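Open the model in your viewer and keep the selection tool at hand. The stops below say what to select next and what is there.

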Amino acid sequence: MFISKLYCMITFFFTYADTLVKRKRKAGHFSTADLYRASSNWLRQFWGDDSLSFDGITPGLIDRFRDWLQSLGHLKTNSINSYLSSFRAIFHMAVREGLAPSNCLSPFAHLNLRQGETAKRALRRETIEEIVQMDLSDSHELEMAKDFALFSFLACGLPFVDLAHLTADNIIAGELVYNRCKTGTLVRVCITPGMQRLLDKYMQPGSRYLFPILSEESNGEKQYEAYKKALHHYNSCLKEIGQRLVIPIHLTSYVFRHTWATEALRNDTPIAVISQALGHTSERTTRNYLTTLDQSRLNAANKIIIKGLDSLIGVRA
């Protein structure tokens with residue numbers, strides 16, 4: 001009888017979604033938990049109360065929810081797709097756990113979530129050189145943000161989340177060796193003189209991390225929240241740096257990663273090599289190529305891409 005009563009309670013979508021968010025947080029999947037919570041909150045606003053049952057989730061409701069999100073006017077296509085994708089994931093999880101109807105055809109079967117085109121914001125090489133030579137001695141925080149961004153560029157577009165979590169264990173035989181936080185993919189990058197200068201500038205004896213971004217004591221959800229705060233502050237500093245350029249530009253952490261990939265493509269670097277450096281896993285053909293690549297090809301490609309800039313950063317660091 002108790003199980004039956006619990007089942008009746010859990011058949012409401014929002015009750016289950018809230019439970020799933022807590023489970024994800026407990027398992028350490030904080031980013032997924034945030035996405036599920038955001039999706040559930042938007043759906044709750046659209047529906048108006050907490051009484052949405054799994055039986056009530058139909059293709060028509062999903063379409064109306066999507067139209068409502070679009071009608072708000074301030075949400076980008078990729079954000080809307082992310083909310084719909086999370087909605088679908090929560091529903092399918094409930095189906096697997098026997099808490100939602102397991103019909104032959106999912107109510108989400110008709111949903112085609114195509115990623116929207118985003119503006120490409122790769123920097124010109126002249127702009128990168130201008131950033132390298134910027135005098136930011138008036139602000140230690142801006143100087144750190146600049147150094148982090150340049151290290152990201154030199155390290156084949158290293159994402160900020162991976163940079164923040166780097167430790168001494170990630171330095172192996174003159175290479176930066178790490179698994180991407182997002183995909184788990186192993187990435188290896190030869191440490192250049194410019195990268196080494198920046199490492200020497202920020203490494204502190206006894207410190208757990210290579211860069212002073214995360215707290216030594218924080219872990220779990222506290223560390224995740226600290227990272228989100230650090231990323232927000234980092235992008236705020238990059239925005240200020242962008243405004244100080246001769247030709248102002250909107251700088252974000254993504255810009256330097258995209259710039260490296262663009263420069264690699266301009267230098268005729270094979271797509272498979274670029275994918276390896278960025279730690280991508282989405283293309284099956286690329287993944288097949290990755291197993292046969294020689295690490296020296298990646299190191300040679302990066303040497304060409306950062307030529308001149310590496311030594312300049314070494315001098316300015």
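Select helix α3 (residues 30-47) together with helix α10 (residues 220-243) in this predicted model. Their axes lie 10 Å apart and meet at an angle of about 70°. Angles of 65 to 115 degrees count as roughly perpendicular, and α3 and α10 are therefore roughly perpendicular to each other. To see the contact itself, show F30, S31 and D34 in α3, which meet G220, E221, Y224 and K228 in α10. Sorted by class, this contact holds 2 nonpolar, 2 polar and 3 charged residues.

Next, select strand β2 (residues 175-179) and strand β3 (residues 186-190). The two strands pair in the antiparallel sense over 5 bridges.

Now go to the largest nonpolar core, which has 60 residues. Select F151, L176, F211, I213, F256 and W260, the residues with the most contacts inside this core. Helix α7 (residues 140-154) gives the most to the core, with 9 residues.

Center on F256. Beyond its neighbours within four places in sequence, F256 is in contact with L123, I128, I131, A149, S152, F153, L238 and L251.

For the last stop, select W42, L61, L99 and A100. These are among the 30 residues of another core, which lies apart from the largest one.

Notes
Residues are numbered from 1 along each chain as its sequence is written. This is a predicted model: local features need pLDDT of at least 70, side-chain atom pairs count only at pLDDT 80 or more; totals for chains, interfaces and linings use all residues. Side-chain values use heavy atoms; hydrogens and water are left out. Buried means under 20% relative accessible area, exposed over 50%, partly exposed in between (1.4 Å probe, protein chains only). Helices (H or I, at least four residues) and strands (E, at least two) are DSSP runs, numbered from the N terminus. Two strands pair if DSSP finds at least two bridges between them. A nonpolar core is a set of buried Ala, Val, Leu, Ile, Met, Phe, Trp, Tyr and Cys residues joined through side-chain atoms within 4.5 Å. Contact means heavy atoms within 4.5 Å. Axes are lines fitted to C-alpha atoms, for helices over the stretch in contact, and angles run from 0 to 180 degrees between N-to-C directions. Angles under 35 degrees count as roughly parallel, over 145 as roughly antiparallel, 65 to 115 as roughly perpendicular and the rest as oblique. Ala, Val, Leu, Ile, Met, Phe, Trp, Tyr, Cys and Pro count as nonpolar, Asp, Glu, Lys and Arg as charged, and the others, Gly among them, as polar.
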